[in-house]
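Have a look at the fold first, and then read on.

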Amino acid sequence: MRGKSARVWLPGFLALAAIWGNSFFFIKVAVGALHPLQVSFGRMAVGAAVLLLALAVTRRPLPRDPRLWMHFQIASVVLTTLPFTLFAYGEQYVSSVVAAIWNATTPLCTLAFTLLLRAEKPNAGRMTGLGLGFAGVMVVLGVWQPMAGGQLGGSLACFGAALCYGVGGAYMGRFITGRRGEPAVVLAAGQLLTGAAQLAVITLVAGVPLVDTAAPAEVWWSMLALGGLGTGLAYLLLYWVQARAGVTTTSTVTYLLPVFAVLSGVAVLGETITWNQPVGALIILAAIALTQGAVRLGGKRAAAASLS
């Protein structure tokens, strides 16, 4: 049964990894000419437009439950508005590959958040995994060498985005994707529409134009790809996979993002990576494996205890 269910969601899971992994490439191209808020708003607006079109084609209405729209407001802050802007800001100073590595810390951030709220109990495996993950972060940062040109601030911005995803993933799984009777396209459209509205207000209040008509053609193509694929289609896939595989399994998609980011960042953008970045990424992935192994072991122990 478990293998059969994996065959159902695995193609969408891999597609999501490929789309999101290459999103860092498109962000890097876009921030070369646009303000980070313009990148965030642009991708949200295009993504929302794609999903509204999908709703029109399938003749599905937007949700009418006001409580669900309240949850969209909260989820959009931590899943789109803040992290999208933080990644766009960070990629002004760090490579798309480094940004993807920071994104891979999302499962550790999720665990830290659940431990902080006491939704999970700390044990040796989880705490060791978090400590190892912290060490991996320090290796990626290369704390033994000075950082110039805003690299530290860019890395911290990307790590802050991962923290947001850790909070948002838990919130979305609790209050949004667990709802019955709401198709994935409806939920994704509601969240992206809410996030686009939030970013429109924030961008205008910051005194930044929503659209830069002077941007070169490659930036427009990048924004269309980032919004249509990396936001619209990706969030539809995210809801679809979460509904079939669960929040925890879906969060592991971040393991694969650096692989796709390396392929596009190094091969197309000509980015370089230093030895500490892939080494730190491997340490982080090992830490995530350790913490998830502790969760599974804890689950088995809890089940055994309940049976006794």
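This is a predicted model: local features need pLDDT of at least 70, side-chain atom pairs count only at pLDDT 80 or more; totals for chains, interfaces and linings use all residues.

Let's start with helix α6, which runs over residues 124-141. Its 18 residues reach 26 Å from the first C-alpha to the last, close to the 26 Å expected at 1.5 Å a residue. Several glycines turn up among the buried residues of α6, including G125, G129, G133 and G136. R126 is buried too, as are V137, V139, V140 and L141 at the end of the list.

Next is V143, in the loop between α6 and α7 (151-175). Buried or exposed? V143 has 52% relative accessibility, and exposed means over 50%, so V143 counts as exposed. Together with W144, W275 and V279, V143 forms a nonpolar patch on the surface, and the four share about 450 Å² of accessible area.

Helix α4 (residues 96-103) is mostly covered, with eight of its eight residues buried. Among them are W102 and N103.

N103 also shows up at the cavity, as one of the lining residues that lie nearest its centre, along with W20, T106, Y165 and T254. The structure holds one cavity of 30 Å³ or more. The largest cavity has a volume of about 350 Å³ and is lined by 24 residues.

| Element | Residues |
|---|---|
| α1 | 2-30 |
| α3 | 66-90 |
| α5 | 106-116 |
| α9 | 217-245 |
| α10 | 247-251 |

Helix α7 belongs with this group as well.

Notes: Residues are numbered from 1 along each chain as its sequence is written. Side-chain values use heavy atoms; hydrogens and water are left out. Helices (H or I, at least four residues) and strands (E, at least two) are DSSP runs, numbered from the N terminus. The expected span of a helix is 1.5 Å times one less than its number of residues. Buried means under 20% relative accessible area, exposed over 50%, partly exposed in between (1.4 Å probe, protein chains only). Patches are made of residues with over 30% relative accessible area and no salt bridge: like charges are joined within 9 Å, nonpolar side chains (Val, Leu, Ile, Met, Phe, Trp, Tyr) within 5 Å. Accessible areas come from the Shrake-Rupley method with a 1.4 Å probe; for residues, only the protein chains shown count as cover. A salt bridge is a side-chain nitrogen of Lys or Arg within 4 Å of a carboxyl oxygen of Asp or Glu. On a 1 Å grid over the protein atoms alone, a cavity is a set of points where a 1.4 Å probe fits but cannot get out, and a pocket is an open set with protein on both sides within 12 Å along at least five of seven lines; lining residues have an atom within 4 Å of a point. Grid points are joined across faces, edges and corners, and a volume is the space filled by probe spheres set on the points.
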